[in-house]
Amino acid sequence: MGKPVFLIGFMGSGKTTWGKKLSNALQVPFIDMDHVIVEKIGMSIPEYFQQHGEEAFRKVEQTVMKEQEGRAGIISTGGGTPCYFDNMDWLLANGTVLYLKHSPKSLWSRLSQSDVNKRPALKGFTGEELLAFIEEKLDERAPYYDRAHIHVDQINTPLEKLIAIIKEYQKNDAE
């Protein structure tokens, strides 16, 4: 495997879960940028958001992203990573960008089942409010997410097919 594969998508889309599965199947390293950020800042992301604000967080996130330059493997980004600064341009230039796509209802179902309080952007949202928030954010992020090299329906794409899609894309990209 040549260039790294950057996984992008909304929170709850499965970037970490699929990143680990792809990493194991392809026998390449897995890097979860959120975990790297937590190590770097010495606190949880929600705590950092609360103490320093989103802009400061996005700057740390961009620094961590650019520190991945030249690394091989599967790299899971934060849901908002592609949407700030020139991050999407950088991701596209430095790896294969794979968008794990979900419908708003699918994300709503997945996020409703998790502890939304662990996610700073979702604090206080429940039920229909949460669904409306997801729909709004997906619309805002679509111009970034839609630029990914590869789009996959995460729910209906088995691991073996996802691996074949990545390998085929990277083979064609190298030619």
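User: Which residues of α3 meet residues in α4?

Analyst: Gln-62, Met-65 and Lys-66 of α3 meet Asn-87, Trp-90 and Leu-91 of α4, where a contact means heavy atoms within 4.5 Å. By class, this contact of α3 with α4 has 3 nonpolar, 2 polar and 1 charged residues. Ala, Val, Leu, Ile, Met, Phe, Trp, Tyr, Cys and Pro count as nonpolar, Asp, Glu, Lys and Arg as charged, and the others, Gly among them, as polar. The model is predicted: local features need pLDDT of at least 70, side-chain atom pairs count only at pLDDT 80 or more, and totals for chains, interfaces and linings use all residues. Residues are numbered from 1 along each chain as its sequence is written, and side-chain values use heavy atoms, with hydrogens and water left out.

User: At what angle do α3 and α4 pack, and how far apart are their axes?

Analyst: Two packed helices are described by the angle between their axes and the distance between the axes. Here α3 and α4 pack at about 10°, with axes 11 Å apart. Therefore α3 is roughly parallel to α4. The cut-offs are under 35 degrees for roughly parallel, over 145 for roughly antiparallel, 65 to 115 for roughly perpendicular, and oblique for the rest. Axes are lines fitted to C-alpha atoms, for helices over the stretch in contact, and angles run from 0 to 180 degrees between N-to-C directions.

User: How do α2 and α3 pack?

Analyst: Helix α2 (residues 33–41) and helix α3 (residues 45–66) pack at an angle of about 115°, their axes 10 Å apart. That makes α2 roughly perpendicular to α3. Their contact has 11 nonpolar, 1 polar and 3 charged residues. Among them are Val-36 and Ile-37 in α2, and Phe-57 and Val-60 in α3.

User: And at what angle do helix α1 and α7 cross?

Analyst: The axes of α1 (residues 15–26) and α7 come within 11 Å and cross at roughly 75°. The two are therefore roughly perpendicular to each other. The contact includes Trp-18 and Leu-22 of α1 and Leu-162 and Ile-166 of α7. Its residues divide into 8 nonpolar, no polar and 2 charged.

User: In what order do the strands form the sheet?

Analyst: Strands of a sheet pair through backbone hydrogen bonds, either parallel or antiparallel. In this open sheet of 5 strands the order is β2-β3-β1-β4-β5, with parallel pairing. Two strands pair if DSSP finds at least two bridges between them. β2 (30–32) and β5 (150–153) are at the edges with a single partner strand each, so one side of each lacks a neighbour in the sheet. The twist averages 25° from one strand to the next. β2 is joined to β3 (residues 74–76) by 3 bridges, and Phe-30 has Ile-74 of β3 as its bridge partner.

User: Which strands does helix α7 lie across?

Analyst: Helix α7 (residues 159–174) lies across β1, β4 and β5, at about 170° to β5. Helix α4 (residues 87–94) lies across β1 (5–8) and β4 (96–101), at about 145° to β1.

User: How many helices and strands does the chain have?

Analyst: The chain has 7 helices and 5 strands, taken as DSSP runs (helices H or I, at least four residues; strands E, at least two) numbered from the N terminus. Along the sequence the pattern is β-α-β-α-α-β-α-β-α-α-β-α.
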